[in-house]
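Okay, thanks everyone, let's get going.

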Amino acid sequence: MDLDAVIIVPIVVIGLPWLIFHYITKWKTAATLSGGDEKLLDDLHDAARRLDDRLNTIERIMTAENPQWRQHALPESNRPRLLSDEESER
């Protein structure tokens, strides 16, 4: 019985808390963004900002050339549908 107590007590007193704290630490570090993740997010944000700027530039150019382009580009609900429109949706 003494041998069992010598093995079980250190496992419960030392091993179990160490195991719990080890995985708590792993869980906390895994929940944060790494440096690579932050750089990727910054790069994606910059790309989205540049694309938004390009889209605004294109819209300004199109508006300067044809102020009514938005009415032609957006579908109207009362416009009769063409056969080619229905086929392209499939």
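So, start with Glu59 and Arg70: these two form a salt bridge, with the closest N and O atoms 3.6 Å apart. That pair links distant parts of the chain, since Glu59 sits in helix α2 and Arg70 in helix α3, residues 69-73, and they are 11 residues apart. How accessible are the two partners? Glu59 has 22% relative accessibility, so it counts as partly exposed. The cut-off for buried is under 20%, which is why 22% puts Glu59 in the partly exposed class. Arg70 is at 40% relative accessibility, and therefore partly exposed as well.

Before I go on, please keep in mind that this is a predicted model. The average pLDDT of the chain is 83, and 82% of the residues score at least 70.

Now the overall layout. We have four helices and zero strands, and reading along the sequence you get α-α-α-α. How much of the chain is buried? Of its 90 residues, 1% count as buried. The chain exposes about 8600 Å², and carbon and sulfur atoms supply 63% of that area.

Back to the charges. How many salt bridges are there by this rule? The count comes to three. You've seen Glu59 with Arg70, so let me show you the other pairs.

Asp43 and Lys39 meet through their side chains in a salt bridge, at 3.0 Å from N to O. Both lie in helix α2, residues 35-65, and they're four residues apart, about one turn of the helix. Asp43 is partly exposed, with a relative accessible area of 37%. Lys39, on the other hand, is at 51% relative accessibility and counts as exposed. The line for exposed is drawn at over 50%, so Lys39 at 51% falls on the exposed side of it.

Then there's Asp53 with Arg49, another salt bridge, where the closest N and O atoms are 3.7 Å apart. Why about one helical turn between Asp53 and Arg49? Because they are four residues apart in helix α2. Asp53 is partly exposed at a relative accessible area of 39%, and Arg49 is partly exposed too, at 41% relative accessibility.

Last stop, the nonpolar side of things. Which residues make the nonpolar surface patch of about 880 Å²? They are Leu3, Val6, Ile7, Ile8, Val9, Ile11, Val12, Val13 and Ile14. Take Val9 as an example: its place is in helix α1, residues 2-30. Val9 has 47% relative accessibility, so it counts as partly exposed. Residues in these patches need over 30% relative accessible area, and Val9 at 47% clears that.

Conventions
Residues are numbered from 1 along each chain as its sequence is written. This is a predicted model: local features need pLDDT of at least 70, side-chain atom pairs count only at pLDDT 80 or more; totals for chains, interfaces and linings use all residues. Side-chain values use heavy atoms; hydrogens and water are left out. Patches are made of residues with over 30% relative accessible area and no salt bridge: like charges are joined within 9 Å, nonpolar side chains (Val, Leu, Ile, Met, Phe, Trp, Tyr) within 5 Å. Accessible areas come from the Shrake-Rupley method with a 1.4 Å probe; for residues, only the protein chains shown count as cover. A salt bridge is a side-chain nitrogen of Lys or Arg within 4 Å of a carboxyl oxygen of Asp or Glu. Helices (H or I, at least four residues) and strands (E, at least two) are DSSP runs, numbered from the N terminus. Buried means under 20% relative accessible area, exposed over 50%, partly exposed in between (1.4 Å probe, protein chains only). pLDDT is the predictor's confidence in each residue, from 0 to 100.
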